Amino acid sequence: MIDKETLKQEFGGILLGVAAFFYIGSLLFYHPADTAVVSRLQWFEMIGSAATSVAKELHNPFGILGARLSSLLVEWFLGYMSVIPGIAMVYWSWCVGRVRSLKPPLFFTLYAVLITLVAGTMSGLTSFRDADLYAGTVGRMLATFLSTLLGTTGAWILLLALAVGLSLALWRMLGTRIAGLASGVVDAATAGWSMAGKLGGLMRRVVSRMAGERNPDPGLAEASPARPRKPIVAADPVRPEPEFEPEPESLADETAQEHADDPEITIREAVREKEADLDERRLKVKTKDRGSYRFPSVDLLKRTREEDELIDESLLEESKSRLLEKLRIYKVEVVRISATVGPRVTLFELELAPDVKVSKVTSLENDLAMAMAARGIRMIAPIPGKNAVGVEIPHGKPRTVWMRSVLQVEKFKNSRLALPVVLGRTIANEVYIDDLASMPHLLIAGATGAGKSVGINVIISSLLYSCSPDKVRFVLIDPKRVELFHYQHLKNHFLVTFEGLEEQIITEPAKAVYALRSVVKEMEQRYARLEVAGVRNIADFNRKLPQEALPYLVVVVDELADLMMTAGKEVEEPITRLAQLARAVGIHLIVATQRPSVDIITGVIKANFPARIAFQVASRVDSRTILDSSGADQLLGNGDMLYQPANQPKPERIQCPYISSSEVEAITSFIGSQEGLKTAYELPRPDMNEKNAAGMAIRGGKVSGGGRDPMFEEAANLVVMHQQGSVSLLQRRLKLGFSRAARVMDQLEENGIVGSAEGSKPREVLVQNLDSLELLLRNLDG
């Protein structure tokens with residue numbers, strides 16, 4: 001009879017086994033999405049409707065507790081290597097239940113803990129996919145410490161020695177038990193296999209006996225194989241007479257001959273960028289005011305799964321056949337064809353026969369798009385520097401380009417450019433990096449949702465990862481009010497201040513005019529300093545006078561159309577002056593608009609922005625406005641863009657990387673959490689007596705005009721000069737809308753410059769000449 005003590009021990013062993021099963025199962029069914037779901041639930045809400053709704057969204061079959069346990073151990077401890085202590089729990093349950101000595105499980109538990117640390121650290125030293133899931137935070141931290149202290153090779157040698165030594169020690173202590181356990185497992189497996197064989201033989205005998213009962217007459221069983229003597233099977237070979245008809249065979253031969261004459265497709269190998277760890281560079285630097293600044297870590301960007309880059313050759317061959325078949329219909333002979341597979345499109349390079357005109361191919365753009373059943377194709381005729389015509393066709397397996405993947409390359413880490421910005425990946429999968437200082441200004445256009453704001457975030461983030469606050473400062477103008485508010489965290493490091501303005505991110509049109517004129521004033525003062533120093537540009541000035549080094553200024557305007565509609569020439573004039581003159585003193589413009597029409601992107605602005613980016617636009621007219629050529633209307637959206645460098649004749653197709661708002665928030669919050677610079681970079685107050693800035697004043701940190709419209713004085717000068725007061729005159733000459741022109745006319749009447757309205761007749765002008773007007777305005781301002 002079993003005593004109570006034995007029952008207690010066996011019951012305890014069963015409980016330990018259940019706990020071990022729950023522990024191991026929870027880890028093996030870990031799912032990353034469960035972390036965000038469980039985090040919404042507080043510990044005191046484990047019972048109730050909230051817990052029930054959360055449990056329905058979980059992927060882990062072990063419920064809320066299993067999801068929390070797996071998230072804690074896999075993400076923050078030692079990753080999947082945390083399963084090894086679970087094996088020790090199984091051994092504990094076996095030893096406790098079998099009423100054995102507890103000394104062996106104690107040794108095995110100590111070994112399991114140490115070998116888990118070693119295995120997690122080894123996983124942290126590797127760089128294969130999902131290595132973080134096998135190492136966890138602790139493993140990655142230990143791996144970083146050992147690789148820094150001993151180097152990667154030394155760390156591997158130490159860890160391998162520890163693993164071998166611990167395993168030998170365990171074998172010496174528990175070798176006989178492990179061997180006995182292994183032999184027991186082998187014996188159990190052998191017995192199970194033999195039992196399965198016996199059971200299978202028994203089942204076969206039962207089945208054969210049942211078949212014998214269904215067909216008891218052996219004579220019939222013997223005669224059954226010879227029964228089908230009717231010509232049913234013999235008639236089958238006679239049926240397919242159409243196989244031997246001459247016409248289908250000749251047609252098949254002709255089709256095969258045509259495809260045999262097609263040129264073979266050559267698949268160009270994609271560029272393999274050399275990867276580099278951006279955090280291995282010097283991250284902590286000293287600023288001019290003797291403070292310390294730390295660059296943001298690349299770990300602030302999401303680590304995404306590497307997508308499969310295998311090329312489906314059968315799909316390429318099918319696309320080539322359809323393309324050549326359509327060209328053959330229009331008598332266009334192709335001598336050679338090659339393909340380059342990019343993130344979202346495939347570029348087919350067609351070398352034409354000598355007697356084929358390029359214009360003949362370009363006229364077939366819509367026909368080829370219909371034949372390929374593509375969303376939109378773009379033709380490059382010809383490809384610069386090549387004897388070929390390019391056809392860009394979207395492929396069926398688009399890949400997302402992530403911000404982290406384009407920063408973790410050797411090209412960006414060791415870049416010698418003054419202001420390096422990452423624009424994305426080309427069709428050849430090459431990371432495209434350009435220097436904002438040599439552009440020198442960038443014009444961005446695209447329809448709503450095409451990727452303009454993400455592109456601006458990518459450019460600013462590239463500069464934040466490559467430049468310190470001593471090297472670059474930002475002037476941010478955001479009429480939308482919601483696109484650039486994340487960068488408010490940079491106010492003590494990268495954002496400039498304005499004399500007389502409290503805001504550092506400008507959102508109102510009147511303040512935007514004031515900020516742009518402040519930048520113009522800064523440009524003039526910088527030119528004066530360059531003249532005194534006897535140098536030609538900011539780079540020479542900073543080399544000659546390092547103690548007085550000037551930072552680069554990057555002016556970002558997120559929506560030009562809104563400013564042009566509300567302020568008109570007051571915005572166009574400073575932007576034009578900066579675009580014409582500011583390059584030498586290190587001031588560069590990034591201007592974006594979703595309305596690339598000629599009244600927004602005027603000829604003067606366009607002439608001074610040689611570098612341009614076009615995302616997807618609505619029409620071919622908009623594409624020609626921004627790029628002087630078509631093609632942007634055939635883009636795919638979501639970051640698909642054409643980049644026109646200043647030194648190339650035709651634009652380059654690039655897939656812009658994706659950076660989320662949470663990643664931007666993480667980068668700016670990290671920078672904002674550091675100690676701010678002791679001295680802010682303040683731009684000077686602009687000259688307020690300029691013609692277009694008349695009537696504007698700064699009172700209490702706000703831009704105002706005494707209640708009058710900013711165009712009031714221009715309108716007064718206009719009506720006195722023409723001695724004619726009408727709303728239509730203000731509309732035509734000042735490019736104002738009807739409502740605003742009528743409001744300005746009412747203000748002119750209130751201040752005694754024009755008389756009251758007389759129906760459709762022009763208003764009477766009460767001021768006779770410009771001298772009298774100047775005196776009147778002076779009294780009004782006084």
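**Strand E8 and its neighbours**

Tutor: Strand E8 pairs with strand E18 (residues 652-655) in the antiparallel sense, over two bridges. Strands (E, at least two residues) and helices (H or I, at least four residues) are DSSP runs, numbered from the N terminus, and two strands pair if DSSP finds at least two bridges between them. Within this pairing, Arg 425 stands opposite Gln 655 in E18.

Student: On what kind of model does this reading rest?

Tutor: This is a predicted model, in which local features need pLDDT of at least 70 and side-chain atom pairs count only at pLDDT 80 or more, while totals for chains, interfaces and linings use all residues. Residues are numbered from 1 along each chain as its sequence is written, and side-chain values use heavy atoms, with hydrogens and water left out.

Student: With which strand does E8 pair over five bridges?

Tutor: That partner is strand E9 (residues 431-435), and the pairing is antiparallel. Val 421 stands opposite Asp 434 in E9. E8 and E9 form a hairpin with four residues between them.

Student: How should I picture the side chains along a strand, and how many residues of E8 are buried?

Tutor: In a regular strand the side chains alternate between the two faces of the sheet. Buried means under 20% relative accessible area, exposed means over 50%, and partly exposed lies in between (1.4 Å probe, protein chains only). In strand E8 (residues 420-426), seven of the seven residues are buried, so the strand is largely enclosed by the rest of the structure.

**Salt bridges**

Student: What is the general idea of a salt bridge, and how many does the structure contain?

Tutor: Side chains of opposite charge can pair when their charged atoms come close. The criterion is a side-chain nitrogen of Lys or Arg within 4 Å of a carboxyl oxygen of Asp or Glu. A search of the whole structure finds 26 salt bridges.

Student: Which residue forms a salt bridge with Glu 351?

Tutor: The partner is Arg 336, and the closest N and O atoms are 2.5 Å apart. Glu 351 lies in strand E5 (residues 345-352) and Arg 336 in strand E4 (residues 334-341), so the pair ties together parts that are 15 residues apart in sequence. Glu 351 is partly exposed, with a relative accessible area of 24%, and Arg 336 is also partly exposed, at 47%.

Student: Where do Glu 749 and Arg 763 lie?

Tutor: The side chains of Glu 749 and Arg 763 meet in a salt bridge of 2.7 Å, N to O. The pair links distant parts of the chain, 14 residues apart: Glu 749 is in helix H26 (residues 738-750), and Arg 763 is in the loop between H26 and helix H27 (770-781). Glu 749 is partly exposed at 32% relative accessibility, whereas Arg 763 is buried at 14%.

**Backbone angles**

Student: Is Lys 735, another residue with a positive phi, buried or exposed?

Tutor: Lys 735 is exposed, with a relative accessible area of 66%. Its phi is near 55°, and its place is in the loop between H25 and H26.

Student: Which peptide bonds are cis?

Tutor: The bond from Ala 381 to Pro 382 is cis, with omega near -10°, and Pro 382 is found in the loop between strand E6 (378-380) and strand E7 (389-394). The bond from Met 439 to Pro 440 is cis as well, with omega near -10°. Pro 440 has its place in the loop between E9 and strand E10 (442-445).
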